[in-house]
Amino acid sequence: MHTPRIYIDTDLAVNATELIEGAKHHHLRNVLRLKAADAVILFNGRGGEYTAAVKAITKQETQITALTYHPINREAPLHTCLLQGILKRDAMINALQRATELGVSKIIPVQTQHLSEKRAQLAGRWDAWRAVIEQSSEQCGRTQLPELAPLTLFTEAISMVRNADFDLQLLAHLGATESRTPPATPPRRIAIAIGPEGGFSNAEVEFAEANSFHAYTLGARILRAETAPAALLAHLQTRFGEFSEENL
Ligand code: SAM
């Protein structure tokens with residue numbers, strides 16, 4: 001069986017026993033059906049991971065002892081910040097999962113003019129999105145969790161990026177005519193903006209372009225809003241990151 005990886009937000013140390021309660025404990029006990037002595041991997045997002053073993057599992061808690069530390073790093077060297085237009089529930093989950101697997105560093109969920117969710121429903125979503133990122137990081141072997149920023153208005157997110165230290169800012173937009181001319185020096189920090197199901201409004205495209213974003217095409221076909229971030233992140237990892245020829 002694949003060894004389960006478990007994220008735990010605490011300092012970890014060899015021979016220390018950690019207690020896991022709540023939803024994560026229920027998942028380990030009732031879904032994965034872990035038992036005493038089963039092997040697991042613990043990580044806390046602060047670098048590396050630990051081989052570990054279940055010490056005991058009761059109705060209330062799972063006790064896990066860290067055994068050996070491995071200073072492994074599976075993070076992508078290319079820093080990528082995804083401004084993701086808020087999507088419907090399942091599409092947003094897919095977008096977050098794929099972006100996490102592709103090594104995204106930070107995700108800013110952005111409220112755009114075309115919004116397919118009711119504004120009143122958005123408040124409770126952040127915790128669910130954070131849980132998706134955590135589970136996806138456990139599954140794909142990440143050693144750090146992508147940062148999830150608070151829900152942010154599109155214009156504020158664009159301005160935040162403008163004031164941060166990015167080498168390249170791209171707005172995925174159908175029909176954009178951006179050329180693929182390589183930048184003079186390879187970018188190390190890239191911000192990308194992906195629209196919601198209804199796309200960006202003209203005013204949003206103009207605002208982004210006035211704030212140093214380049215409209216960027218992902219080909220002639222319309223990608224689903226949850227496909228677009230994965231496609232663009234994979235493309236950037238190929239051009240400038242860990243999928244590039246010099247790294248393979
Ligand atoms: N009718 C919408 C429009 O015209 O923008 C379609 C939106 S598409 C389903 C959702 C988002 O995915 C877009 O806002 C864009 O960011 C991205 N996207 C999808 N296909 C794309 C493509 N071929 N080139 C660039 N971006 C694309």
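Strand 2 (residues 17-20) has E18 and I20 on its covered face, while T17 and L19 make up the uncovered one. Strands (E, at least two residues) and helices (H or I, at least four) are DSSP runs numbered from the N terminus. The model is predicted: local features need pLDDT of at least 70 and side-chain atom pairs pLDDT 80 or more, while totals for chains, interfaces and linings use all residues. Residues are numbered from 1 along each chain as its sequence is written, and side-chain values use heavy atoms, without hydrogens and water.

Strand 2 pairs with strand 5 (residues 62-70) in the antiparallel sense, over 4 bridges; pairing requires at least two DSSP bridges between the strands. I64 in strand 5 is the bridge partner of E18.

Side chains of opposite charge can pair when their charged atoms come close. With a salt bridge taken as a Lys or Arg side-chain nitrogen within 4 Å of an Asp or Glu carboxyl oxygen, the count is 10. One of them joins E49 and R74 at 3.0 Å, N to O. E49 lies in strand 4 (residues 49-57) and R74 in the loop between strand 5 and strand 6 (79-85), 25 residues apart. E49 is buried at 8% relative accessibility (buried is under 20%, exposed over 50%, partly exposed in between, with a 1.4 Å probe and protein chains only), whereas R74 is partly exposed at 38%.

Another salt bridge, between K24 and E138, spans 2.7 Å, N to O. This pair links helix 1 (residues 22-31), which holds K24, to helix 3 (residues 125-140), which holds E138, across 114 residues. Within helix 3, E134 and R130 are 4 residues apart, about one turn, and their side chains form a salt bridge of 2.9 Å, N to O. Shared partners join K24, R130, E134 and E138 into one salt-bridge network.
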